[in-house]
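Me: Please take a close look at a single part of this structure: the place where its chains meet. I would like one connected account, with every cut-off stated.

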Amino acid sequence: MTYAQAALTALAQEMERDGSVWVLGEDLGPEGGVAGQYLGLQQRFGKTRIVDTPICENTIMGAGVGAALCGTRPVIELRYADFGICAADEIVNQAAKVRYMLGGQVRAPLVIRQPIGFRDGMAAQHSQSTEAWWVHVPGLVVVAPSNPADNHALLKAAIRCDDPVVYMEHKELWTVAGEVDEAAQPAALGQANVAKRGSDVTIVTWSSMVGVCLEAAQALEARGCSAEVIDLRTLWPWDRETVFESVARSRRLLVVHQAVKVGGFGGEIVAEASEQLFDRLVTAPRRLGAPRVPVPYAEPLETMCRVGAADVVRTAEAMML
Amino acid sequence: MNEIPPTESVLSLYRTMCLIRAFDTHAGDARRAGKLRGSVHEYIGQEAIATGVCANLDRADYISSYHRGHGHCLAKGADPEAMMKELYGRVGGVCGGKGGSMHVADFSLGILGANGVVADGVTIAVGAAHAVKMKGEQRVVVAFFGDGAMNRGPMLEALNWASVFGLPVLFVCEDNLYSDRTRTGSVSAGPGPLARAAAFGIAGETVDGNDVIAVSEAAARHVREVREHSRPRFLHATTYRWRGHLALDKGLYRDPREVERWQAVDPIVRTASWLSSRGVERTGLSRENDAAIERVARAVAAAETAPWPDHTTLYTDVQDVGAPS
């Protein structure tokens with residue numbers, strides 16, 4: 001099944017299992033969300049559990065917080081990460097902090113779905129990858145699945161999590177198909193997946209860049225360089241143990257993300273790895289990300305912003321010298 | 001016109017207002033004396049609104065509050081000592097010393113939180129009401145906010161939301177004429193809060209927010225309507241804050257004659273006059289007020305001597321998945 005169907009299946013299973021799970025957001029009913037990730041759910045669960053809201057991200061998010069405080073488990077649909085910014089106040093100032101500010105009297109168990117990334121010329125206001133913004137906020141869990149099986153198992157885990165979870169799917173993965181075990185248990189949040197074993201360089205990545213890095217790793221293999229590819233899956237908490245163990249072996253670290261390189265989460269991983277493993281590294285850690293420009297519309301320009309497999313190969317090879 | 005309310009119930013409103021006045025008189029003074037930190041927004045002058053509204057709520061009903069939140073918490077039944085310890089940032093504070101004045105709340109009493117972001121508590125209130133309706137509960141949610149909040153987008157979104165989904169929310173606009181240091185009338189278009197609510201199909205009324213009996217009667221009508229028919233209502237209560245926006249603001253942007261005019265309609269003095277006209281002894285009323293001051297003094301003494309939170313609590317209640325250490 002596709003990445004979108006995997007999420008839909010997981011959500012339906014969770015709604016079946018727990019009557020307090022419900023969804024609020026724009027355009028969920030008629031076409032089942034921007035990628036059909038809610039298709040048929042309103043018919044199945046009714047309009048009180050799959051709620052089509054007005055276009056008002058502040059209140060969609062604020063209402064989600066209020067409803068979470070009062071004994072329900074809302075899944076909040078914000079369409080794209082770009083519109084997550086419209087609700088940033090309620091995410092940062094309310095959802096992430098309410099438990100702490102009230103001294104642990106309450107919790108806000110909610111999921112905030114806001115897909116990241118490029119997709120078919122969506123341009124500057126519909127293509128951003130803002131995952132690092134949320135990682136910076138204490139109180140939030142941040143998840144970015146790279147494949148259908150993970151989208152199924154991680155969404156289940158996010159819904160069952162008692163902390164607020166920013167759940168970032170990738171628009172270009174919606175139609176990607178793969179094997180999904182529908183009976184799978186929820187994934188463990190904070191656990192990375194080693195997508196490919198290797199010994200010469202550790203490539204840390206997530207979301208749509210996992211596929212790009214695996215393609216690069218294959219090309220590198222043909223050129224005699226063994227790359228290990230780690231799919232973080234969860235950005236907060238991130239799996240330091242798996243990353244550090246790998247880097248300690250390979251002694252080379254390359255982080256790849258689609259988000260703007262400046263101030264991106266790659267910087268955090270490189271900094272942590274440098275602090276912990278400086279004497280084990282044989283070359284400076286490297287990052288690949290988008291240039292610090294708004295995402296352009298024209299295809300050749302957008303392509304210039306994309307990190308491709310060739311960029312990964314080139315950078316990894318340079319690190320072997 | 002309404003029936004004359006029982007003297008005993010007005011006396012109860014009077015007691016609550018005296019407690020709020022005593023609490024915030026100390027809180028403001030303590031902030032100016034440097035004993036408290038951060039923002040302390042006094043509710044002095046506005047006591048009749050929280051008191052009159054909360055007198056019509058059950059323990060299970062929810063309220064959401066804003067930065068000027070002490071009065072709402074006390075009126076909903078919060079313990080003044082636990083609140084004072086919170087303001088002092090000490091162990092035993094209702095939020096463990098992590099929230100302070102601006103986030104003081106006792107969730108066990110249905111207090112969803114005081115809030116430091118204008119109008120955000122209103123969006124949380126409609127979400128609470130959404131949950132109440134989904135679960136088929138009979139609770140009412142009251143959203144308290146100021147006239148300044150009427151100009152923020154989330155406020156208008158929340159009015160629309162509550163009306164569209166038919167939610168059990170009473171919106172209570174405490175109109176004290178000022179948005180922080182700016183006169184609200186100078187930055188607001190149109191005929192006012194009630195008209196804005198009406199534009200979303202929400203009925204309501206304006207009430208003299210310095211008349212606790214009038215507030216309580218209006219609240220009783222609207223709370224009943226909200227509870228029985230699960231639809232939002234709007235109460236616009238006119239009032240005035242005697243002090244500045246917060247304790248360190250002297251409020252010098254206001255005409256002193258304006259302050260005097262409003263102090264002449266002090267809700268507590270008016271209620272005392274009403275009660276004495278009903279045969280309650282003046283000395284008895286003074287004793288009630290003294291008792292409130294004494295109760296706050298005991299809370300302060302307890303707060304001043306309470307220990308600071310243990311350093312390990314810095315890291316608790318942030319999040320469990322990926323918790324800090």
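Reply: The account below begins with the basis of the model, turns to the contact, and then follows the elements behind it.

This is a predicted model, in which local features need pLDDT of at least 70 and side-chain atom pairs count only at pLDDT 80 or more, while totals for chains, interfaces and linings use all residues; side-chain values use heavy atoms, without hydrogens or water. Residues are numbered from 1 along each chain as its sequence is written, and chains are lettered from A and ligands numbered from 1 in the order in which they are written. The predictor assigns the complex an ipTM of 0.94 and a pTM of 0.96. Chain B has an average pLDDT of 97, with 99% of the residues scoring at least 70; pLDDT is the predictor's confidence in each residue, from 0 to 100.

The contact itself draws on 39 residues of chain B and 43 residues of chain A, where contact means heavy atoms within 4.5 Å. The size of an interface is often given as the accessible area lost when the parts come together. Here the area buried between chain B and chain A is about 3300 Å², and carbon and sulfur atoms give 61% of that. Buried area is the accessible area (1.4 Å probe) that two parts lose on being put together, summed over both. On the side of chain B, the residues that lose the most area to chain A are Met134(B), Trp161(B) and Asp317(B), together 19% of what that side buries.

Four salt bridges are found across the interface of chain B and chain A, a salt bridge being a side-chain nitrogen of Lys or Arg within 4 Å of a carboxyl oxygen of Asp or Glu. Over all chains the count by this rule is 47. One salt bridge pairs Asp320(B) with Arg99(A), with the closest N and O atoms 3.3 Å apart. Another joins Asp89(A) to Arg152(B), and there the closest N and O atoms are 4.0 Å apart. This second pair runs from helix H5 (residues 88-95) of chain A, which holds Asp89(A), to the loop between E2 and H6 of chain B, which holds Arg152(B). The interface also has 20 residue pairs in polar contact, both residues at pLDDT 80 or more. A polar contact is a pair of N or O atoms within 3.5 Å; within protein, one must be able to donate a hydrogen and the other to accept it, and residues adjacent in sequence count only if both atoms are side-chain atoms.

Which helices of chain B supply at least two residues each to the side that touches chain A? They include helix H5 (120-134) and H6 of chain B. H5(B) gives the largest share of that side, nine residues. Helices (H or I, at least four residues) and strands (E, at least two) are DSSP runs, numbered from the N terminus.

Helix H6 (residues 153-164) of chain B lies across E2, E3 and strand E7 (233-238) of chain B, at about 150° to E3(B). Axes are lines fitted to C-alpha atoms, for helices over the stretch in contact, and angles run from 0 to 180 degrees between N-to-C directions. These strands belong to an open, parallel sheet of five strands in chain B, ordered E1-E2-E3-E7-E6. Strands E1 (62-64) and E6 (204-208) of chain B have a single partner strand each, so one side of each is left without a neighbour in the sheet. Neighbouring strands of the sheet are turned by 20° against each other on average, direction ignored. Two strands pair if DSSP finds at least two bridges between them. Helix H8 (residues 212-229) of chain B lies across E3, E6 and E7 of chain B, and runs at about 160° to E6(B).
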